[in-house]
Each structure stands twice: as structure tokens, then as C-alpha cells.
Amino acid sequence: MFRLAELYFEVSEEEYALDNEEFTKATLNLSADAVPPAEPLKDYQTSIALYRRIVRDYPAYRYTDGAYYMLAYCLGEGLSAQYDQAEAQAMYAALVDNFPQSEFANQANMQLGEYAFDANNLDQAIVYYQRVVDSGPKASLYDRGLYKLAWAYYRIDDYPQAVK
């Protein structure tokens, strides 16, 4: 089921890439009074349904952390009808809470930091970025986490901490 969800995800990505290429070509030669075509959207409905089922029905599955991550990603990036920032955040948080040693934990913490940063909840963003930094300089996203941590401190006017 996990592999099937991945395959549907890949199909959705390929379809979006083709649709986006056509969209780009169609918009290049539009006259000023022409109505532009609708922008393509990523459709992850099938993957979302499968990842939800894995998370709900198979909590002991060895790749459950990956299912949480992909579910959160798809919810945050899919069609407007699928897009659910609150549920995406909840899935990222569940991943971090339930699988703190997961290879996806840094990515989830980074994304949670981005959501908080974009919502101007800088104190919460600092918590998530600090988790990424605390994972060490060899960990994935360390550099980006350090940069965003400094930026968040800068935005709350804590310049000494930002410089540090």
C-alpha cells in the first residue's frame, strides 16, 4: 500500500509537470485581452487516501513515519480542495512526536518552523528551527535550520542571538 501511494504520487508529479509545461507554453503567446488558462494543480487525492489508511490502520508498519511525512506533504501541496494546512501541520507534529529519531524528523521540524515563521509565530518557529540545529552540523537541513533560526531571532529583535 505504501509503494502504491508512492507510485500514485509520482504519477501526480509527472502529470503536473506536463500540465505545467503546457500552461507555460499557452501563456507565453497570450494577447493582452485573452483570458489565461487555469493554472495546473497537483492532485494527490489517491496518495492521500492511501497514506491516511496506513497511518490509521497500520501504526506498527516499519515505514509509518514515511507515511506521516508524505501525508503531511501531500496535504500541504495538493489541490486547493485537498490543501489542509492545519492537518498537514498535525501530521508533521505527529511524526516528530511519535518518531523523533526518524530520518524525516528534521524535515518535519523544518516545515513546522516554516509554517510558524510564515504565520509570524516566531517564538514557535525558533523552537522548531532549534530542533533542526540541535540535530548537529552533519544532519540534513542543518544549514538551512541555522539560517532560519538566525532570521527568526533577527525578526524578534534579538540581534545578539541572531549573530550567535
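Biologist: Quick one to start: what is the relative accessible area of Glu87?

Modeller: Glu87 has a relative accessible area of 21% and is partly exposed, where buried means under 20%, exposed means over 50% and partly exposed lies in between, with a 1.4 Å probe and protein chains only. This is a predicted model, in which local features need pLDDT of at least 70 and side-chain atom pairs count only at pLDDT 80 or more, while totals for chains, interfaces and linings use all residues. Residues are numbered from 1 along each chain as its sequence is written, and side-chain values use heavy atoms, with hydrogens and water left out.

Biologist: Which side chain does Glu87 meet in a salt bridge?

Modeller: Glu87 pairs with Arg52 at 2.6 Å, N to O, a salt bridge being a side-chain nitrogen of Lys or Arg within 4 Å of a carboxyl oxygen of Asp or Glu. The pair joins distant parts of the chain, with Glu87 in helix α4 (residues 85-98) and Arg52 in helix α2, 35 residues apart; helices here are DSSP runs of H or I of at least four residues, strands are runs of E of at least two, and both are numbered from the N terminus. Arg52 is partly exposed at 34% relative accessibility.

Biologist: How many salt bridges are there in the whole structure?

Modeller: The search finds 9. Among them, Lys148 pairs with Glu114, with the closest N and O atoms 3.0 Å apart, and this links helix α7 (residues 142-155) to helix α5 (residues 105-118) across 34 residues. Lys148 is buried at 7% relative accessibility, and Glu114 is also buried, at 13%. Another joins Lys42 and Glu13 at 3.7 Å, N to O, connecting the loop between α1 (2-28) and α2 to helix α1, 29 residues apart. There is also a network of salt bridges that links Arg3, Glu6 and Glu10.

Biologist: And Asp65, which side chain of opposite charge is nearest to that one?

Modeller: That is Arg62, 9.3 Å away, so Asp65 is buried yet has no salt bridge, given that Lys and Arg count as positive and Asp and Glu as negative, with His and the chain ends not counted.

Biologist: What does the Asp65 side chain make a polar contact with, then?

Modeller: Its partner is the side chain of Ser102, at 2.6 Å; a polar contact is a pair of N or O atoms within 3.5 Å, where within protein one must be able to donate a hydrogen and the other to accept it, and residues adjacent in sequence count only if both atoms are side-chain atoms. Beyond its neighbours within four places in sequence, Asp65 is in contact (heavy atoms within 4.5 Å) with Leu95, Phe99, Ser102, Glu103 and Phe104. Asp65 itself lies in helix α3 (residues 64-77).

Biologist: Switching topic: at what angle do α2 and α3 pack?

Modeller: Helix α2 (residues 45-57) and α3 pack at about 145°, with axes 9 Å apart; the axes are lines fitted to C-alpha atoms, for helices over the stretch in contact, and angles run from 0 to 180 degrees between N-to-C directions. The residues that meet include Tyr51 and Arg52 in α2, and Tyr68 and Met70 in α3.

Biologist: How many helices and strands does the protein chain have?

Modeller: There are 8 helices and 0 strands, and buried residues make up 38% of the 164 residues. The C-alpha atoms fill a box of roughly 55 × 45 × 25 Å along the principal axes.
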